[in-house]
Amino acid sequence: MSRGLALLLAPLLFATSVSACHQPTRIDVTQARPDSVRGIVSITGTDFDQHIVIRSANAVTPVTATPADSAALSRIGGVEVLAIGSRSSGHFHLDHFTALAVDGSPVVDGVLRAAGDGLKLDTANGTVSLGNPPDALRNLIAARVWIAGPLDTGPNSYGVISLPKAR
């Protein structure tokens, strides 16, 4: 290619490449994008001034939550969770969370339901039948719980995330 032709085409190629790459950025500040934090729930402070944080390998994240979610998180201190929400001003604003593990062992998080003589757990991924649940779970119908161990045969350990709502 001749030098004159190259000098003539250079601005055209530059303008074409810049306009092809440029796309308008639209930011809607009224809609925060979901974010997540994975770690161990920890309760700090005193009885009168408790703070909920999620501790991960490299960070301690303060959590702001509704009173119901704060109560639920306070019940499961030491449990590994996946929290979904948004970050701002040094806090994580919780939308919802799922219990993942207790003492490093995986758990299933869901709402307990009676099913004839048995029990089922309604989870975010569907309903799971409990094959040999602890008898004490029968007193927690409609409670949100975490359950560890083989769900189809037991033995199972469990913890209460939130109590059944009063009717």
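This report walks through strand pairing, one serine and the salt bridges in a predicted model.

## Ground rules

The model is predicted, with local features needing pLDDT of at least 70, side-chain atom pairs counted only at pLDDT 80 or more, and totals for chains, interfaces and linings using all residues. Residues are numbered from 1 along each chain as its sequence is written, and side-chain values use heavy atoms, leaving out hydrogens and water.

## Strands around β5

Let's start with β5, which covers residues 91-102. Strands here are DSSP runs (E, at least two residues), numbered from the N terminus, and two of them pair if DSSP finds at least two bridges between them. Strand β3 (residues 60-64) runs parallel to β5, with two bridges, and Val-63 sits opposite Phe-92 in β5.

Strand β4 (residues 79-88) pairs with β5 in the antiparallel sense over ten bridges, and Val-79 has Val-102 as its bridge partner. These strands make a hairpin with two residues between them, where Ser-89 in the turn shows a positive phi of about 50°. Then comes β6 (residues 105-115), antiparallel to β5 over two bridges. Val-102 turns up here too, with Ser-105 in β6 as a bridge partner. β5 and β6 also form a hairpin with two residues between them, and Asp-103 in that turn has a positive phi of about 50°.

## A look at Ser-36

Ser-36 belongs to strand β1 (residues 35-45). Its relative accessible area is 35%, so it counts as partly exposed (buried is under 20%, exposed over 50%, partly exposed in between, with a 1.4 Å probe and protein chains only).

Leaving aside residues up to four places away in sequence, Ser-36 touches Leu-82, Ala-83, Ile-84, Arg-87 and Phe-92; contact means heavy atoms within 4.5 Å. His-96 is 60 residues from Ser-36 in sequence, with 9.8 Å between their C-alpha atoms.

## Salt bridges

The whole structure has four salt bridges, each being a side-chain nitrogen of Lys or Arg within 4 Å of a carboxyl oxygen of Asp or Glu. One of them joins Arg-87 to Asp-35, with the closest N and O atoms 2.5 Å apart. That pair links distant parts of the chain, from strand β4 to strand β1, 52 residues apart. Arg-87 is partly exposed at 48%, and Asp-35 is partly exposed at 27%.

Glu-80 pairs with Arg-38, the closest N and O atoms being 2.7 Å apart. Glu-80 is in strand β4 and Arg-38 in strand β1, so this pair ties together parts 42 residues apart in sequence. Arg-38 is exposed at 51%. Arg-113 and Asp-122 form another salt bridge, at 3.0 Å between the closest N and O atoms; Arg-113 is partly exposed at 36%, and Asp-122 is partly exposed at 27%.

Notes
Helices (H or I, at least four residues) and strands (E, at least two) are DSSP runs, numbered from the N terminus.
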